[in-house]
Amino acid sequence: MKTLVIAEHNGENLSAATLSVVDAAKKLGRDIDLLVASNSASNVLKEAKAVEGVSTVLDFSDEKFANEIAEDLAACIVSVRENYDFFLASSSTSGKNNLPRAAALLDIQQISEVTEIIDDKTFKKPIYAGSCIATVQSSQEKNALTIRTTSFEKTGASGGSAKIETKDVPDTVSRKSGFVKNELTVSDRPELTAADIIVSGGRGMQNGENFALLEAVATKLNAAVGASRAAVDSGFVPNDYQVGQTGKSVAPNLYIAVGISGAIQHLAGMKDSKTIVAINKDEEAPIFKVADYGLVADLFEALPDLESKL
Amino acid sequence: MKILIPIKRVNDYNVKVRPNQTNTDVDLSNVKMAMNPFCEIAVEEAIRLKEAGKAEEIVVVTIGDDKHQEQLRTALALGADRALLVKTDNVLQPLDIAKTLAKVFEKESADLIIMGKVGIDGDNNQTGQMFAALTNLPQVTFASEVEINGNSVHVTREIDGGLETLTAEMPAVITTDLRLNEPRYASLPNIMKAKRKPLEELSLEELGINIETKITTLKVESPPERQEGVKVETVDQLVDKLRNEAKVI
Ligand SMILES: Cc1cc2nc3c(=O)[nH]c(=O)nc-3n(C[C@H](O)[C@H](O)[C@H](O)COP(=O)(O)OP(=O)(O)OC[C@H]3O[C@@H](n4cnc5c(N)ncnc54)[C@H](O)[C@@H]3O)c2cc1C
Ligand SMILES: Nc1ncnc2c1ncn2[C@@H]1O[C@H](COP(=O)(O)O)[C@@H](O)[C@H]1O
């Protein structure tokens, strides 16, 4: 039996998350195959082939994969079920959308947000906004896991030489959903979940224009920009900036939280960062409890000052 | 149009949940419980559709012990018309919840099933997708905008890269994200009225569900504590520490 990793990509490039899922897959000690469903994205296949540790790339090519619909992807996974006893995806919005659908069709109880693989039946995962860590054991023959990528390394993007196996795309013409449009955030900055440094702003930023102050610091540090839920709900920044229990999980080398109080739901998404800095005018703010360096200051003075000294 | 809303009873989101003394489970003995915030958003969305004349009936359902009646009554006070409690003293895993809900759907039918994207307790984020798979219905997860368009529903979803809009023919399954709406509070008169709204009990046996524990919890621990660091007085000190001590810039 082998492990099947569901690849993620944007039509051009394989996502960094996939490299972390392959790293997790290695800990299961089986041959690893990578499922690529794409709109004949030859470059994605080229990158998939080169991933270190992958034996075979399952190539599901069809125009319908220009966009990803859970019904289509789940059908691909189910069509190759016989050869695999592990199905892995990242705990991105894509993995969270697709894998449980496939798992239910295979009668598998999925384990979500796995942060550690102890052996091929035993896993660790955070629960209750990361305030507890559960060790769980599966009695199932086949298992499906979503992987919290920040808890794993990235396997090499090159050096592999997997063979490509062309697969018949299951027919899902009768599916009842379809793509209408998307509005993806375009940015020159590193991607939030892959960035080395993140500068995040909260309600203390007061409005969207003031995020320019954060952006200026981020530019100096080649950092990604993140936000708390309050900043997103208030419309300062788009939804994909949200870090936290119900947003993105991040663990950069340096996380700078500005005007963020440090609610448990925010901490759940960033407290595994290596170094944490908090800038907040309230010295009692809970964010200081997890910060390596705390600066009690008005952010409207501290941010321009910081920018000028970097 | 009829809307079915599966809701989950979880810890109040303000409470920090800890492991029990023996590290075998979490300790919920003195924890305030509430409706999962994402389920509140689901209930609110259904009420708005009803207020807009797009839906006629809202049915809420939960699977759990007697205490779950509290959350059903809350949903009734907010504006749901009827409630179903599938009674069990066992804590079911998402796949079994989805199978049970599929049976309820067979019995009740509905045009729209609105669920929370995730329970803030187990962070599973599975049940809606599994329910959609088992009933062979289209799924639109992480919704931030829902629009009914004749026989189909247009849904904007929050994804890692931004926003995406999908359309799905009804009956369809939607799971809610934070920005879909801001739930209201129940008024006192409505809380009183809710006591007289119908709440029906069902059993797993009646629905023909055999639960299977496929995943067991071996241990529940607190995560490693982060050491509280130091306060710096100035931006200069901060930059110096980041450069020379942490060496991260
Ligand atoms: C179901 C659910 C899911 C959630 N998921 C998430 C999630 O994924 N991510 C998330 O972040 N939150 C999440 N939350 C929300 C969370 O509980 C908090 O409400 C939120 O994190 C608060 O954001 P904030 O720190 O920006 O705002 P606030 O708590 O209002 O804090 C603002 C901070 O800014 C400081 N400040 C104000 N002005 C200045 C100034 N001039 N200079 C310096 N400091 C200043 C204040 O002292 C304060 O500490 C969730 C909540 C629920 C119920
Ligand atoms: N016991 C339950 N009874 C009814 N609905 C549930 C139950 N557990 C989960 N759900 C639904 O599934 C959603 C996601 O939960 P989960 O998959 O546990 O994260 C919740 O927001 C509910 O809508």
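Here is a walk through the interface of two chains and the ligand that sits there.

This is a predicted model, in which local features need pLDDT of at least 70 and side-chain atom pairs count only at pLDDT 80 or more, while totals for chains, interfaces and linings use all residues. Residues are numbered from 1 along each chain as its sequence is written, chains are lettered from A and ligands numbered from 1 in the order in which they are written, and side-chain values use heavy atoms, with hydrogens and water left out.

Let's start with the interface. Chain A brings 85 residues and chain B 80 residues to the contact (heavy atoms within 4.5 Å). Together they bury about 6,900 Å², with carbon and sulfur atoms giving 54%; buried area is the accessible area (1.4 Å probe) that two parts lose on being put together, summed over both. In chain A, the residues that lose the most area to chain B are A:Gln109, A:Tyr128 and A:Tyr293, together 12% of what that side buries.

Six salt bridges cross this interface (a side-chain nitrogen of Lys or Arg within 4 Å of a carboxyl oxygen of Asp or Glu). One of them joins B:Arg179 to A:Asp233, with the closest N and O atoms 2.8 Å apart.

Now for the ligand. Ligand 1 lies between chains A and B, and 29 residues surround it (a heavy atom within 4 Å). The closest are A:Arg203, A:Ser228, A:Gln242, A:Ser261 and A:Asn280. An oxygen atom of ligand 1 is 2.8 Å from a side-chain N or O atom of A:Gln265, and an oxygen atom of the ligand is also 2.8 Å from one in A:His266. A nitrogen atom of ligand 1 lies 3.1 Å from a polar side-chain atom of A:Asp298.

Conventions. Polar contact = N/O pair within 3.5 Å; in protein donor to acceptor, adjacent residues only side chain to side chain.
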